[in-house]
Structure formats: C-alpha cells, structure tokens
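User: I should like to go through the terms used for this structure and the reasoning behind each of them. Please set every value against its criterion.

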Protein chains: 2
Amino acid sequence: MFVINKDSGTTVVHREPGRGPSGSLLQRLIGSPLPTADAPHQTVGKLVGLAVFASDALSSTAYATQEILVILALAGTAALGYAFPISIAIVILLAIVTVSYEQTIHAYPGGGGAYIVARDNLGELPAQTAGAALLTDYVLTVAVSISSGVAQIVSAYPPLYPYRAVLGVALVLFVMVVNLRGVKESGAIFALPTYFFVVMMFLTVGVGFVRYLLGTLGMVVGPPPSLELTASLLTVTPFLILHAFASGTTALTGVEAISNGIPAFKEPRSRNAGITLLWMSSILGVLFLGITYLSGAIGAVPSEMETVISQLARTVYDGRGLLYLAVIASTAVILVMAANTSFADFPRLSALVSADGFLPRQLAYKGSRLVYSRGIVALALVASLLIVVFNASVTSLIPLYAIGVFLSFTLSQAGMAHRWWKIGHMTPGEEVQERGSSLRYAPGWQLKMIINGFGSACTAIVTLVFAVTKFPDGAWVVLILTPALVVIFLSIHRHYKHVASHLSLDDYDPAPHIARHRVILPIGGVHRGTLAALDYARMLSNDITAVHVSMDSAEAEKLQDKWGVWGEGVRLVIVDSPYRRMLEPLLQYIEEVAAQRQPNEIITIVVPQFVPGRWWQNALHMQTATFLRLALLFKPGIVITDVPYQID
Amino acid sequence: MFVINKDSGTTVVHREPGRGPSGSLLQRLIGSPLPTADAPHQTVGKLVGLAVFASDALSSTAYATQEILVILALAGTAALGYAFPISIAIVILLAIVTVSYEQTIHAYPGGGGAYIVARDNLGELPAQTAGAALLTDYVLTVAVSISSGVAQIVSAYPPLYPYRAVLGVALVLFVMVVNLRGVKESGAIFALPTYFFVVMMFLTVGVGFVRYLLGTLGMVVGPPPSLELTASLLTVTPFLILHAFASGTTALTGVEAISNGIPAFKEPRSRNAGITLLWMSSILGVLFLGITYLSGAIGAVPSEMETVISQLARTVYDGRGLLYLAVIASTAVILVMAANTSFADFPRLSALVSADGFLPRQLAYKGSRLVYSRGIVALALVASLLIVVFNASVTSLIPLYAIGVFLSFTLSQAGMAHRWWKIGHMTPGEEVQERGSSLRYAPGWQLKMIINGFGSACTAIVTLVFAVTKFPDGAWVVLILTPALVVIFLSIHRHYKHVASHLSLDDYDPAPHIARHRVILPIGGVHRGTLAALDYARMLSNDITAVHVSMDSAEAEKLQDKWGVWGEGVRLVIVDSPYRRMLEPLLQYIEEVAAQRQPNEIITIVVPQFVPGRWWQNALHMQTATFLRLALLFKPGIVITDVPYQID
C-alpha cells in the first residue's frame with residue numbers, strides 16, 4: 001500500500017487486495033482466477049498456425065458434399081452426377097476468395113476480420129452489418145459442426161440415433177467449460193487432431209482413387225435410407241443447380257479464420273499467415289474435390305442415418321474396420337475443434353463490438369480466467385437451443401448457415417477495395433493511421449483493387465443466390481434476424497451515447513448543494529427494528545415523518561399509543577388502507593410529499609429492514625423494503641435507505 | 001383527513017387514500033378491489049346449507065364404489081361380490097362419525113373444525129398434526145375430485161382420454177380464478193347443481209332398482225377394458241378385504257365440512273347445522289349403498305376408460321341418451337363443486353394456522369377481493385402438479401387421500417372426548433371460556449364422552465388400516481409428509497417467537513444514540529451521477545471516503561486527476577483488482593473499515609445508482625448497487641443508500 005498526495009488536496013490511497021475466497025463448485029469446474037498479468041503472448045509458426053486456424057475450414061468437407069447431394073437428390077439419382085461440376089465451381093470461388101483474403105492479411109497485420117475492415121473503410125452501418133452477420137454465423141458454426149460431429153458418431157454407432165440432440169448439447173457444454181477454463185492455444189492440442197484428420201482424409205481419398213483406377217472400388221454396400229431419393233419430384237433446373245451450389249458453398253466457411261488471427265503468427269506475421277492461408281485453401285480444395293468425386297463413384301446417397309464420409313470410408317476400407325473408425329473419429333474430433341474455434345471468435349468479436357459501444361458493456365469484461373465468460377456462455381446457450389430445435393440435423397441447419405459468412409466476405413472485400421481506392425488517391429509519401437492499419441501510397445493499387453472488388457462481387461452474387469434459393473428453407477430467418485440485430489446494435493449505441501452525454505462533466509454547471517433534507521420513515525409496528533431506523537433517521541435530519549399504513553383501526557390505535565411512548569415526539573401519519581393494500585397508499589403519500597418539495601430539497605425514505613438469520617426465513621416476512629425500492633427507483637430526488645436490523 | 005394531537009406531543013394524522021389505479025389485466029380477470037367493509041355476513045337455512053356444504057361429501061359417491069372394485073378386482077371377477085358387504089361396513093362407520101360430529105356441532109357453534117377442536121382440547125402438537133393432515137387433504141380433494149370429474153367427462157366422450165391431465169389443470173385454474181374473484185356463497189349457485197346431482201342419482205338408483213326387481217336390468221353392455229381383471233393374481237384374504245374397505249372409506253371425505261361452517265347457518269345455528277348433517281349423511285349412505293349394489297348387479301368393472309357411474313347410467317337408461325348425459329354432467333359438476341369447497345377451506349385454514357404463527361404470515365392477509373389469494377394460488381399450483389404427475393388418475397391418487405381425513409377425524413373426536421372429560425370434572429355453575437367455545441358443566445357428559453371416544457377409536461383404527469394396506473401404493477408419502485409439515489410448522493412458529501422476543505420493547509434498554517457517521521462512496525467513474533451521490537454524502541457526514549476498484553492503472557490515473565478537480569477534496573482510495581473483480585475487493589475494503597469501527601459508529605455506503613429511462617436498458621449497465629446490497633445485508637451496523645441518478 002502506498003499513498004500519493006496530489007496537489008489538489010485529495011488523498012489517494014492505493015491498496016492491493018488478496019486473492020479472495022476460492023474453492024466453490026464453480027471455481028473447481030473452471031479453475032481459480034488468473035491475474036491480468038498472466039495474459040498469454042504466444043506466437044506460432046506456419047505448421048502449428050495451420051492446425052490452430054484450419055479446423056473450421058477443413059471440417060466443412062465433412063458435410064459440404066453431402067449437402068450438395070441432398071439438394072440434387074430432389075431430382076432423382078441421375079441428378080447426383082452434377083455434384084462434381086458444382087464442386088469445381090465452388091473450388092474456383094475458393095481460389096478467388098483466397099487471393100482476395102491474401103491481400104487483406106498483408107494490409108492488416110494486426111488482424112483484419114470483416115468487422116474491423118468494414119468499420120475502418122466502409123463506416124458504421126456496414127461494420128455493424130458485418131458484426132451481426134458474423135456473430136450469427138459463429139453461433140451456426142457451433143450448431144452445424146457439432147451436429148455434423150454427432151452425425152459421424154451416429155453413423156458409426158447407429159443405436160445413438162435417437163439421442164442426437166442430447167449428445168449435441170453435451171458436446172457444446174463440454175466445449176463451453178473448456179473455454180471458460182481458458183484455452184492455452186498450445187500447438188500440440190490443436191496440431192494432433194488437425195493433422196490426424198488431414199492424414200486420414202488424404203489416405204482415404206488416395207486409397208479410394210487407387211482402387212477406383214484399379215477398378216476394385218465397388219459401390220457402397222447397403223446404402224442407408226436416403227433423405228429424398230424416394231420421391232424424385234423435381235427435374236434438373238438451373239435453379240436446382242444453383243440451390244445445390246449454395247449448399248456446397250458451406251465448404252468455404254472458416255476460410256476467414258486466419259485473417260482474424262494474424263497477430264498469433266511469428267514474424268514476419270503477414271507472410272507466414274498468407275502462406276498458411278494458401279496451404280489451407282489447397283488442402284481444402286483437394287479434399288473437397290476428392291471426396292465429392294469418390295462419393296459419386298461409389299453411389300453414396302445423402303441420409304440422416306449415415307453421413308457420406310462414413311459411406312465413403314466403409315466402401316474404401318471394405319467395412320467398419322480400424323481405419324474406418326479412425327476416419328470417423330478424426331472427423332468427429334475436427335468438427336468439435338471447429339466449434340471450439342467459434343468459442344474463441346464469438347466472445348472476441350462481441351467484446352470488440354461491445355468496446356465500440358454496440359453491445360452491452362458487460363461483454364467486454366474478461367472473467368476470472370481471463371476469457372470473456374459472458375460471451376462464451378451466451379454462445380453455448382444459443383447454439384444448444386438451435387441444436388435442440390433442429391434436432392441436430394445438419395440439413396435443417398444449413399439454410400441458415402453460410403449466408404452470414406458470405407455477407408461478411410462481401411463487406412470485408414468491398415472494404416478492402418475501397419481501401420485501395422483511398423490509397424490510390426493519396427499523395428506518395430503521405431501516411432494515414434487508421435485504427436486497424438496504416439495507409440500509405442503504393443503503386444499497383446489498381447490491380448489489388450480489382451482483385452478485392454472482383455472477390456467482393458463474386459461473394460455478393462453467392463450471397464444473393466443463397467438468399468433466393470434457400471429463402472423458403474430457412475434463409476428468411478437470417479434475412480430478418482440480421483437487420484434486426486443491426487437495429488438493436490444501433491439503439492444500444494444510441495443509448496450509451498445518450499447516457500455519456502448526460503453524465504459528462506464537460507460544460508457541467510454543478511447544481512447548488514442540497515439545502516433541505518426531509519425524511520419519511522414507513523413503519524409497520526413499533527419495535528426494536530423501528531427504533532433503530534428512527535435513531536438513524538434522527539441522525540440524518542430533524543424533519544422526520546413516520547408513516548403507518550393501517551388496515552385495522554384497532555391496531556392503529558395501539559400503534560399510536562406505543563409511538564407516543566417511544567417515538568421521541570416525531571410526527572406520525574396514519575394512512576388508512578380500506579382495500580388492505582400495503583404499498584399503494586404509502587407510495588401515494590410519498591408522491592404527495594414529493595410534489596410539495598422545494599428546490600434543492602431531497603427526500604430520504606428510511607425503511608427499517610428486518611434481516612432474519614437464515615435466507616429462507618425471508619419467505620416468512622413481508623418484503624416491503626424491496627418492493628418500495630423498485631417502485632421508487634424512477635422518481636427523481638427520492639433516496640431510499642434500508643436500515644437493516646439483524647436479530648441474530 | 002383529521003388530526004389528533006396526543007398528549008405525548010406526537011402529531012398523528014389520519015389520511016384516506018383513493019382507490020388507486022385499476023384496469024390492469026389481472027384486475028380485469030379477478031375484478032376491482034373490494035373495501036374491507038364489504039365483507040359478507042350472509043346466513044343460510046338448512047336446504048341451502050345442505051347444498052353449500054354437501055357437495056364434497058356427496059361427490060365421493062362418484063368414485064368410492066369404483067375404488068372398492070379396483071382392489072377387489074385384483075382377486076378376479078368373483079371377488080367383486082364383496083363390494084356390497086364392505087359398503088355396509090362403511091355406512092356403519094359413517095353413522096358413527098355422524099353421531100360423533102353432531103356433538104361437535106353443538107359444542108362449537110362458532111365452527112368446530114378439527115384444527116380448532118384439537119388446538120383447544122389437545123394442545124399444540126395434535127393441533128398442528130390436524131392442520132397438516134387437513135391441508136394435505138384439501139389439496140388431494142381438489143386433485144381427486146377434478147380427476148374424477150375429468151374421468152366422467154372422458155367416459156361420455158372417449159376421444160378426450162389423452163388430454164385428461166390438461167383438462168384437469170384447466171378445471172383447477174378455472175376454479176382458482178372463480179375463487180380469486182371471491183365467491184359470494186349465494187344459495188342458488190350451489191343449490192342448483194347439488195340438487196340436480198341428488199335428483200339424478202336418486203332417479204338412476206331408483207329406476208335401476210325397479211328394473212332390477214322386474215328383471216329387466218341386464219348386464220353392462222360392452223364393458224370397458226378393466227384395470228386389473230386381466231390378471232387375477234391374488235386370492236381373497238382379510239388383507240385384501242381391508243384394503244378394499246380402506247379405498248371405500250373415501251366415501252366419508254367431506255363429512256366434516258358442516259362442522260367448519262356452522263357460523264354460516266341461520267339461528268338456531270347448531271340445531272340447523274346438526275339436522276343438515278343428518279340429512280347429508282343419510283343421502284350419502286343411501287346413494288353409496290344403492291350405487292354399490294347395482295354396480296354388482298350389472299357386472300360393472302373398474303376401468304380408467306369409463307367410470308362405474310357411467311357404466312351404471314348407460315345400463316339403467318339403455319345407452320347414452322339424454323338421461324345418461326344428465327347423470328354424467330351432474331356428476332362432473334358436483335365434483336368440480338367439491339374441489340371448489342377445498343378452495344374455500346384450504347385458504348381459510350391456512351389463514352387460521354398462519355394467524356396462530358405456524359405458517360408464513362402473508363397467508364393471513366386478505367387480497368384485494370377480500371379472499372386469501374395466496375392460499376388459493378398455492379392450492380391451485382400444488383393440486384395441478386399432482387394432477388399432472390398422476391396423469392389425472394383417481395386410482396393412483398386414492399392411496400394418498402383419506403388418510404389425512406381420518407387422522408383429523410380421530411384428533412377432532414379425541415379432542416371432543418377430552419373436552420367432555422374436562423366438563424365432567426368442573427364444578428356445576430363454573431364456566432370456562434376457551435378460544436373456540438365455552439365450557440360449562442353439563443350432566444350426561446359420560447355418554448357424550450363415550451360416543452366421541454368410540455368415534456375416535458373407530459376412525460383411529462381406520463387410519464391404521466389405511467396406512468398399513470395402502471402403504472406401498474403411496475400412503476407412505478403422506479406418512480412422511482405429515483410429520484415433515486408438522487416440523488416445518490413448529491419451526492416457523494419458533495422463528496416468529498424468536499423474532500418477536502428480539503423485537504419486543506418490554507425490558508428494552510434503548511441503545512445510546514449514534515455518535516459517529518462514516519460514509520463510503522464507491523465510484524466507477526467521475527460523472528454527474530457520482531457528483532450527485534457525493535453531494536448527498538456530504539450532507540450526511542464530513543467523514544467520507546470515495547473508493548474506486550481499478551482493473552486498469554491507466555484509467556485509475558485519469559480518474560484520480562478528474563477527482564482532483566471535482567472531488568471537493570474528499571479522500572479517494574484506489575483498490576487494485578488484479579483478478580478483474582468488481583465486488584470482492586470493495587467488500588473486502590468495507591469489511592476492513594467496519595472492523596476498525598468505534599462503538600456507536602455507523603457506516604453508510606452511498607452508492608450512485610444509474611437509472612436508465614427504460615427498464616430493459618438496465619441490462620446494459622453493471623448492477624453494482626444491487627449486488628452490493630445483497631452482499632452487505634447481513635452485516636450489522638452498515639447501511640446502504642442508493643442515490644438514484646435518472647438521466648431522462
């Protein structure tokens with residue numbers, strides 16, 4: 001403890017408290033508090049960085065092919081052949097987005113998520129739109145990834161089929177607890193499962209192709225009951241193809257992860273992050289194409305009972321052997337890891353939006369374990385709700401998904417294009433510092449602007465295709481939700497600005513000091529608790545009025561006599577309550593007194609509050625003090641003081 | 001408004017407030033408040049009195065026969081023949097109880113419920129046991145009567161079978177709302193359905209007997225699937241007969257109603273009430289015997305799908321015609337009326353027990369419609385819960401029922417027997433005033449004592465038989481619950497006595513007045529709200545310490561500077577919070593200050609509380625004031641004051 005004497009005459013004392021009590025159930029679950037100074041500053045190289053940031057993107061290969069097939073199946077078995085051409089189009093889109101994001105990574109070495117890029121280059125409304133789209137999408141990433149993970153497990157062990165939702169919620173809660181403890185983003189934890197998955201998938205696709213070329217790869221044995229093949233209602237139309245394409249674009253979700261995480265890379269950060277992005281996109285593209293091609297070759301059918309990955313693996317490895325189980329296990333684990341990524345991103349983004357004043361301020365406070373606990377819990381609750389409502393069905397969740405991702409892609413790249421335009425119009429040598437990056441004139445800005453602009457236009461079209469083709473299936477929910485969220489964000493911001501301007505001391509003309517102090521003392525009876533409150537009231541002011549609400553005139557008579565003995569001459573007002581109400585007559589009296597108040601007069605209501613020895617005993621007493629407080633909170637110039645009287 | 005000047009120098013002002021706001025949704029549902037002066041003082045004659053008080057007792061004929069058959073059916077169809085002899089035994093028991101209660105009615109003209117009789121004659125423990133038994137039983141009366149009413153409706157309209165529980169809860173809520181409005185116990189409302197039921201039942205039994213004697217009454221056509229007849233596992237044993245007898249004694253439930261309601265009768269009250277009791281018991285006995293005999297004659301089987309009453313009615317009237325429907329409707333209505341009786345009795349008894357200090361005091365307050373609203377709502381909630389848990393099955397609920405009734409019969413009659421003994425040992429001419437009645441020597445007390453004693457012994461045996469034979473079926477719940485409730489009642493009483501003695505001003509030596517006043521002002525920032533609180537604090541005392549919990553040293557630095565400008569020289573303490581906690585370091589500081597306190601020194605925590613314009617905006621601010629209050633409530637000598645700062 002040390003003392004500073006400021007020249008203003010104010011004494012300032014610094015104190016450092018102890019660690020505080022520990023050992024509660026909650027603390028045992030999430031660990032003891034960590035001091036602020038312990039915040040980690042660890043950086044990773046390219047190999048570990050790939051493992052840390054790629055799980056979300058790579059894991060989407062586990063469901064993207066299947067979701068294309070689900071739509072095509074509406075037009076019968078023959079239509080499934082369109083899956084591969086569609087996946088080629090998607091990989092081209094992936095290439096465009098990758099090149100575009102590569103530029104973002106170099107421009108924002110401090111981390112260039114869509115929210116930051118849109119905020120710095122496009123302004124408030126696009127930024128909040130990106131924020132709303134991303135937050136919605138993080139929730140859906142958790143719901144979709146966990147549901148797909150559960151689908152893999154159920155494929156390997158069908159008796160679990162009826163318990164999909166329960167399993168999903170349990171996994172979400174598990175990931176939540178892990179994140180509340182605070183994940184040390186240590187390489188090993190992430191590297192092992194990500195590379196295990198990559199190896200297993202390349203092995204499966206590789207063995208599959210070899211057997212396919214040798215002609216020993218048969219068709220899938222005992223295909224599961226299909227979702228849609230039973231009734232081929234539609235014919236193949238451009239709309240259907242676009243619909244299937246939209247479903248397949250979920251393969252691109254998670255590609256933006258690296259651009260958020262650049263600060264975590266070793267120097268040269270941007271270069272390392274950029275190379276990692278290229279690696280990731282290449283792996284993603286190859287696996288996605290391979291899986292889709294082989295699925296067609298073996299005649300895999302989309303089904304809620306068995307995932308396409310499971311059908312592929314047991315066809316390639318001739319049954320449910322050890323290798324099959326390894327594929328399923330690695331897929332399930334990487335899907336859970338993908339959900340885990342959202343548990344890092346959602347709280348971080350909501351803290352960022354909250355710090356900008358567009359979300360409740362509480363979201364910006366780090367909890368005892370140095371993580372944004374409130375955001376983590378909120379994410380887990382909403383994602384669990386989605387899993388329960390959609391019964392952990394990936395196909396039902398997909399129409400809500402990806403639209404937010406592509407909206408944020410569009411805004412982010414449009415922001416980058418605008419940034420290049422600004423740079424192109426700077427004088428050479430000039431430098432402008434923005435919040436997220438610094439702007440300096442660079443030649444060749446035109447090409448960069450075209451790349452980002454083209455990327456933005458492509459993803460804008462995909463967003464539109466997605467919204468139109470999936471509108472009836474559920475995309476309408478997102479199309480209503482996103483603007484609604486933006487409106488909420490903006491009104492929260494307006495509220496905070498309003499409060500700040502009303503609390504600000506700039507141009508503040510201090511009100512004259514309080515001149516008169518009137519005290520009202522509501523009493524239910526005359527006892528020791530009342531006298532303690534009376535004693536306190538007499539210390540506050542000489543102008544005291546005791547008020548008793550009477551439902552029974554005989555009792556009021558007795559109370560008057562008792563007050564004559566103990567009331568120290570203080571004025572007593574008896575308010576009759578013919579309707580046997582306690583609070584209303586008292587409030588009415590207080591309001592009448594308040595109405596007659598002089599300027600600079602303040603009214604304090606001193607309420608004797610009886611405090612029993614145990615909390616449950618509160619149920620045995622009228623909670624007048626609490627109700628009175630709630631009723632009077634909104635009245636200016638009235639202060640309520642409980643004088644607690646503890647009997648034990 | 002008038003003013004009395006008491007000689008003590010205290011000014012006492014009487015005020016009468018207005019009716020207060022009205023028109024809320026709740027008020028439209030239950031009606032506007034009624035002034036205390038409107039309490040009804042209506043009395044009824046014998047014919048209306050029978051209608052008002054008999055519904056509970058008479059309605060039990062709707063299920064008592066069926067419940068005897070349910071048990072006998074365990075030993076196969078042949079065993080059903082024992083039902084009639086068993087019902088004769090039950091009617092003999094009814095006669096004994098009636099004669100015994102007849103004496104109670106004359107001894108307690110002011111109302112002689114089991115609780116009052118036990119309290120006045122046996123003491124605290126038996127009285128609270130009777131109270132617990134009766135309250136439990138009122139809840140079960142609602143659950144059983146409504147479930148049986150639903151069973152009648154379902155018998156007439158089987159498609160409703162899957163919605164039994166929903167229907168039951170809806171009926172309970174309907175009766176609750178009616179009672180919250182306050183039932184004017186006007187004769188017509190009660191007389192019509194009760195006499196409709198009595199007429200329909202006598203008609204059915206009468207027509208049934210005529211057809212039986214003429215030989216035209218056949219067997220029940222298409223009997224419903226039986227509950228137990230499919231597997232006749234048991235043989236007829238004395239235990240089985242006693243078990244069936246115990247089920248049948250539910251016919252006696254409600255017989256005590258008149259003894260509670262004597263004050264409602266016209267003078268001569270006791271005589272009128274006594275005659276009504278005899279009528280009621282006669283009707284009950286005749287109907288019960290008639291229904292049981294005819295049920296045997298037509299081969300009725302116990303079933304969840306169709307009640308015995310329904311089987312009887314459609315056999316007597318050859319199908320589901322108008323007369324059949326009239327029987328079912330009248331039965332359903334009287335069962336709902338029986339539930340309604342509990343909605344009068346339960347709140348009245350709980351108010352009585354509460355006024356004696358054995359239940360939370362709130363239960364003794366009449367609501368805006370002059371009824372004990374809290375008791376009514378509590379009853380509805382618990383009864384609904386039972387209906388849902390037992391899926392509105394009368395047979396499942398019966399093992400919990402009646403044991404409380406017979407326990408209270410036993411205690412009430414034992415109390416009466418003891419009363420006669422006391423009277424027999426008084427000197428002639430002596431008169432003792434008890435709370436519920438007056439004692440005066442009377443000759444012939446020996447016979448009366450024997451009658452009540454015999455009644456008590458009989459019902460004690462029945463209680464025992466019930467407890468033993470129905471123990472595994474659910475009676476164990478009541479055998480645990482009743483003593484548990486008694487223990488709760490006694491601890492509530494102990495708490496109230498403890499509080500009263502600690503609050504009492506008898507032998508109270510007033511503590512010396514408060515000598516020192518120390519004020520602590522927790523601040524999160526320096527703004528207008530803080531300055532309003534500072535102004536208030538300066539009015540309270542000169543000894544003020546502002547405290548700021550700091551999670552960020554740079555911000556704390558800025559706050560110090562601002563405090564130097566605006567803090568009016570008041571001491572500022574900065575408490576560092578390395579674990580980013582807000583409340584704990586503050587509480588620790590306050591506790592340290594409190595520990596150094598001198599005698600007669602009081603500490604006031606002045607908390608600036610920011611009040612937003614709309615309630616939902618509270619979610620956007622830290623609720624420090626609220627949490628601080630909860631944490632400090634139990635600390636003696638610390639007073640918390642919120643200084644609200646409304647920005648709009």
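Analyst: In this predicted model, helix 7 (residues 164-181) of chain A packs against helix 14 (residues 373-389) of chain A at an angle of about 175°, and their axes lie 9 Å apart.

User: Why is helix 7 of chain A called roughly antiparallel to helix 14 of chain A?

Analyst: The angle between the two helices is about 175°. Angles over 145 degrees count as roughly antiparallel, so helix 7 of chain A is roughly antiparallel to helix 14 of chain A.

User: Which residues of helix 7 of chain A and helix 14 of chain A meet?

Analyst: From helix 7 of chain A, the residues include Val169(A), Val172(A), Leu173(A) and Met176(A); from helix 14 of chain A, they include Ile376(A), Val377(A), Ala380(A) and Ile387(A). By class, this contact comprises eleven nonpolar, four polar and no charged residues.

User: What makes Cys458(A) count as buried?

Analyst: Its relative accessibility is 14%. Buried means under 20%, so Cys458(A) counts as buried. Cys458(B), at 14% relative accessibility, likewise counts as buried.

User: How many disulfides does a search of the whole structure find?

Analyst: The search finds zero disulfides over all chains. The criterion is a pair of cysteine sulfur atoms within 2.5 Å.

User: What is the pLDDT of chain A, and where is it below 50?

Analyst: Chain A averages a pLDDT of 85, with 90% of the residues scoring at least 70. Over residues 1-8 of chain A the pLDDT is below 50, and this stretch has 20 contacts in the model beyond near neighbours in sequence. Where pLDDT is low, the predicted coordinates should not be read in detail. The model scores ipTM 0.74 and pTM 0.72.

Key
Residues are numbered from 1 along each chain as its sequence is written. Chains are lettered from A and ligands numbered from 1 in the order in which they are written. This is a predicted model: local features need pLDDT of at least 70, side-chain atom pairs count only at pLDDT 80 or more; totals for chains, interfaces and linings use all residues. Side-chain values use heavy atoms; hydrogens and water are left out. Axes are lines fitted to C-alpha atoms, for helices over the stretch in contact, and angles run from 0 to 180 degrees between N-to-C directions. Helices (H or I, at least four residues) and strands (E, at least two) are DSSP runs, numbered from the N terminus. Angles under 35 degrees count as roughly parallel, over 145 as roughly antiparallel, 65 to 115 as roughly perpendicular and the rest as oblique. Contact means heavy atoms within 4.5 Å. Ala, Val, Leu, Ile, Met, Phe, Trp, Tyr, Cys and Pro count as nonpolar, Asp, Glu, Lys and Arg as charged, and the others, Gly among them, as polar. Buried means under 20% relative accessible area, exposed over 50%, partly exposed in between (1.4 Å probe, protein chains only). pLDDT is the predictor's confidence in each residue, from 0 to 100.
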